[in-house]
Amino acid sequence: MRYISTRGPGAPQSFADVLLSGLAPDGGLYVPAQWPEPDPAALKSLKGKSYAETAFHVMKPFVGDSIGENDLRAIIGQTYNAGSFDSADIAPLVKIAPDLWLLELFHGPSYSFKDYALQLLGRLFDHVLARQNKRITIVGATSGDTGSAAIAACRGRNNIDIFILHPRGRVSEVQRRQMTTIKDSNIHNIALEGTFDDCQTIVKELFADEKLRADINMSAINSINWARIMAQIVYYVHASITLDGFTRPVSFAVPTGNFGNVFAAWAARRMGAPIGNLVIGSNRNDILTRFFESGEMKKLWVSPTLSPSMDIQISSNFERYLFGLLGCDHSALKKCMDDFSKKKTFTVDESLMNAARTDFSAYRCTDDQTIAAMRKCRKEYGVMIDPHTAVGLHAAEKHLLKNPGGLPMIIVSTAHPAKFPDAVRKATGFAPPVPDALENVMKKPEHFTPISNNLD
């Protein structure tokens with residue numbers, strides 16, 4: 001398996017190269033030069049297999065010869081087990097109504113879906129760096145959950161220094177403390193005076209500085225790193241097969257701002273997983289929903305909401321999907337990205353939008369609707385959910401109203417409700433139960449450096 005940049009036809013790279021570099025030198029994102037061919041028989045054989053077995057089947061084609069089969073199996077086995085995740089199912093499915101399920105992706109150390117990729121990435125980095133006798137500096141931006149999951153994955157690792165930027169005052173207290181209470185010497189937290197988009201822009205600008213990038217051997221752990229997407233594909237494949245998707249395909253409702261999580265669902269379907277509709281849930285920062293309605297990707301202001309991890313107006317991973325939508329035309333993709341950078345907007349032809357709307361449906365959710373969805377889920381289904389999952393539930397219900405009698409729907413539950421206790425209490429009148437690990441971080445001293453929104 002080789003990888004190419006969305007923005008240029010440079011020399012194809014190996015998985016190990018892509019893992020360590022994160023972002024392509026031309027500023028593009030890496031995508032497979034050729035997608036693995038769907039193999040329905042092999043996928044059907046995964047029914048009843050463990051999460052780790054499914055992960056190996058999904059990842060092996062993407063890793064290629066960069067990591068030997070035995071080593072890859074060992075890394076996956078060390079990642080997806082009871083030592084790292086607090087559910088034997090790793091990513092359990094919870095039925096809350098007829099043909100309506102929650103996919104609980106909050107059973108890792110940071111209690112968010114980011115753990116499912118980042119716990120793996122930490123081990124992949126360790127393996128490749130030790131073999132190549134290298135050290136890297138990871139620079140990443142977080143809207144809340146990526147930072148804590150990345151820090152949990154990289155703390156104490158011998159060959160990694162990690163710097164995480166978060167928007168000061170724009171993540172929940174629990175999210176912040178999960179990052180800032182870690183004392184390992186290789187962990188560095190930066191509180192940027194700005195939005196998540198500002199954090200993400202600075203990270204991309206740092207990567208564009210070729211001398212700096214080479215001097216510190218810079219790498220990425222955000223979902224701009226292909227390995228993140230690869231690992232997220234697994235839970236879509238596993239869930240769709242667990243629910244007998246080859247008998248009756250299943251749909252997913254995904255709360256997303258940066259597009260990486262729902263792109264992984266698209267990739268799973270591209271690989272032959274029995275997946276029907278893909279439903280995007282946006283909060284008030286609805287750039288993705290507006291795009292699927294109008295064909296225009298237009299950056300507006302970032303508005304703080306009850307679902308802060310989705311307070312985004314630059315959906316970085318959308319570039320990967322757009323590249324394919326444009327027929328893998330590097331020049332056309334680069335023009336769109338240049339227009340978006342300079343003019344804060346680009347438009348896609350209606351003929352291409354027809355194809356895009358076949359791939360995805362998108363719905364927005366206000367804070368009041370988020371509260372209503374959280375309240376309904378507890379009252380009618382007996383389940384507490386966090387505000388991001390509530391955005392997914394709202395999108396799922398709107399989609400089902402427009403498409404009655406449709407396919408079974410799985411709502412991707414991206415975070416433990418205890419990470420957002422104020423929103424949960426406001427919606428339900430009750431405080432969510434707090435895992436011991438989260439309760440402990442509220443008592444520890446914090447360590448972070450406030451920095452102005454300035455590249456220098």
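**Stop one: the hidden spaces**

Select helix H6 (145-154), H10 and helix H11 (260-270): each of them supplies at least two residues of the lining of the largest cavity. Before you go on, know that this is a predicted model, where local features need pLDDT of at least 70 and side-chain atom pairs count only at pLDDT 80 or more, while totals for chains, interfaces and linings use all residues. Residues are numbered from 1 along each chain as its sequence is written, and side-chain values use heavy atoms, with hydrogens and water left out.

On a 1 Å grid over the protein atoms alone, a cavity is a set of points where a 1.4 Å probe fits but cannot get out; a pocket is an open set with protein on both sides within 12 Å along at least five of seven lines; and lining residues have an atom within 4 Å of a point. Grid points are joined across faces, edges and corners, and a volume is the space filled by probe spheres set on the points. Helices (H or I, at least four residues) and strands (E, at least two) are DSSP runs, numbered from the N terminus.

How many cavities of 30 Å³ or more does a search of the whole structure find? The search finds 3. The largest cavity has a volume of about 280 Å³. Pick out Phe113, Lys114, Ser143, Asn258 and Ser309, the closest to its centre of the 24 residues that line it. The lining of this largest cavity divides into 7 nonpolar, 14 polar and 3 charged residues. Here Ala, Val, Leu, Ile, Met, Phe, Trp, Tyr, Cys and Pro count as nonpolar, Asp, Glu, Lys and Arg as charged, and the others, Gly among them, as polar.

Next, show the second largest cavity, with about 60 Å³ of space. Among the residues lining it are Gln200, Lys204 and Asn258.

Which helix gives the most to its lining? Colour H8, which gives 6 residues.

Now move to the second largest pocket, at about 370 Å³. Gln13, Asp17, Ser21, Pro25 and Tyr30 are the closest to its centre, out of 22 lining residues.

**Stop three: the core**

Select Tyr80 and Phe252, the residues with the most contacts inside the largest nonpolar core, which has 109 residues. A nonpolar core is a set of buried Ala, Val, Leu, Ile, Met, Phe, Trp, Tyr and Cys residues joined through side-chain atoms within 4.5 Å. Helix H10 (residues 226-242) gives the most to this core, with 12 residues. Leaving aside neighbours within four places in sequence, tyrosine 80 is in contact (heavy atoms within 4.5 Å) with residues including Tyr51, Phe85 and Ala231.

Most residues other than glycine have a negative phi. Tyrosine 111, though not a glycine, has a positive phi of about 60°. Find it in the loop between strand S5 (100-104) and helix H5 (115-132). Is tyrosine 111 buried or exposed? Tyrosine 111 counts as buried because its relative accessibility is 9%; buried means under 20% relative accessible area, exposed over 50%, partly exposed in between (1.4 Å probe, protein chains only).

Finish at asparagine 217, which has a positive phi of about 50° and counts as partly exposed at 30% relative accessibility.
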